Amino acid sequence: PDPDPDPTPSGKLKCPARVNLGAAKRGTPKLKSITVQNAGKTPLSGTVVGPDAPFVLVSGGGAFQLPPKGKFTITLQIESDTPGTIGDDLVIQSSDP
């Protein structure tokens, strides 16, 4: 038997499962940055799909390629005149098995 515990190294996506932008004043934009990292041993590729309005994907959207230990930042913004809690999904699809 092969003693190697990881015989097929691969890219490993590392990012927060949930992001809370916190309280925002009505009509005032609020920004939040999220770091996405490849914690694996091989390159990782994927796509970032932003949430719907009133959220805006300011930067980091679209296709990405990350070398091992590489990282990039996604920046989200919310600006709403609607009171209460607002939620949506930020989708990060990747080649991480």
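Reader: How far can I rely on the coordinates, and what is the mean pLDDT of the protein?

Author: This is a predicted model, in which local features need pLDDT of at least 70 and side-chain atom pairs count only at pLDDT 80 or more, while totals for chains, interfaces and linings use all residues. Residues are numbered from 1 along each chain as its sequence is written, and side-chain values use heavy atoms, with hydrogens and water left out. Where pLDDT (the predictor's confidence in each residue, from 0 to 100) is low, the predicted coordinates should not be read in detail. In this protein 91% of the residues reach 70 or more, and the mean pLDDT is 85.

Reader: Where is the cis peptide bond, and which residue other than glycine has a positive phi?

Author: Most residues other than glycine have a negative phi, and most peptide bonds are trans. The cis peptide bond runs from Ala53 to Pro54, with omega near 15°, and Pro54 sits in the loop between β3 (44-49) and β4 (55-59). In the loop between β5 and β6 (71-78) there is an exposed residue with a relative accessible area of 54%. That residue, with phi near 70°, is Lys69.

Reader: What separates the C-alpha atoms of Gly27 and Ser80?

Author: Gly27 is found in the loop between β1 and β2, and its relative accessible area of 31% makes it partly exposed. Gly27 touches Glu79, Ser80 and Asp81, when residues up to four places away in sequence are not counted. Although Gly27 and Ser80 are 53 residues apart along the chain, their C-alpha atoms are separated by 5.5 Å.

Reader: How many Å apart in space are Leu21 and Leu31, C-alpha to C-alpha?

Author: Leu21 also belongs to the loop between β1 and β2, and it is buried, with a relative accessible area of 13%. Its contacts beyond four places in sequence include Lys30, Lys32, Phe55 and Ile78. Leu21 and Leu31 are ten residues apart in sequence, and the distance between their C-alpha atoms is 7.3 Å.

Reader: Which residues are the closest to the centre of the largest pocket?

Author: A pocket is an open set of points on a 1 Å grid over the protein atoms alone, where a 1.4 Å probe fits, with protein on both sides within 12 Å along at least five of seven lines, and lining residues have an atom within 4 Å of a point. The largest pocket holds about 770 Å³ of space, the volume being the space filled by probe spheres set on the points, which are joined across faces, edges and corners. Of its 30 lining residues, the closest to the centre are Val19, Leu21, Phe55, Ile86 and Gly87.

Conventions:
Helices (H or I, at least four residues) and strands (E, at least two) are DSSP runs, numbered from the N terminus. Buried means under 20% relative accessible area, exposed over 50%, partly exposed in between (1.4 Å probe, protein chains only). Contact means heavy atoms within 4.5 Å.
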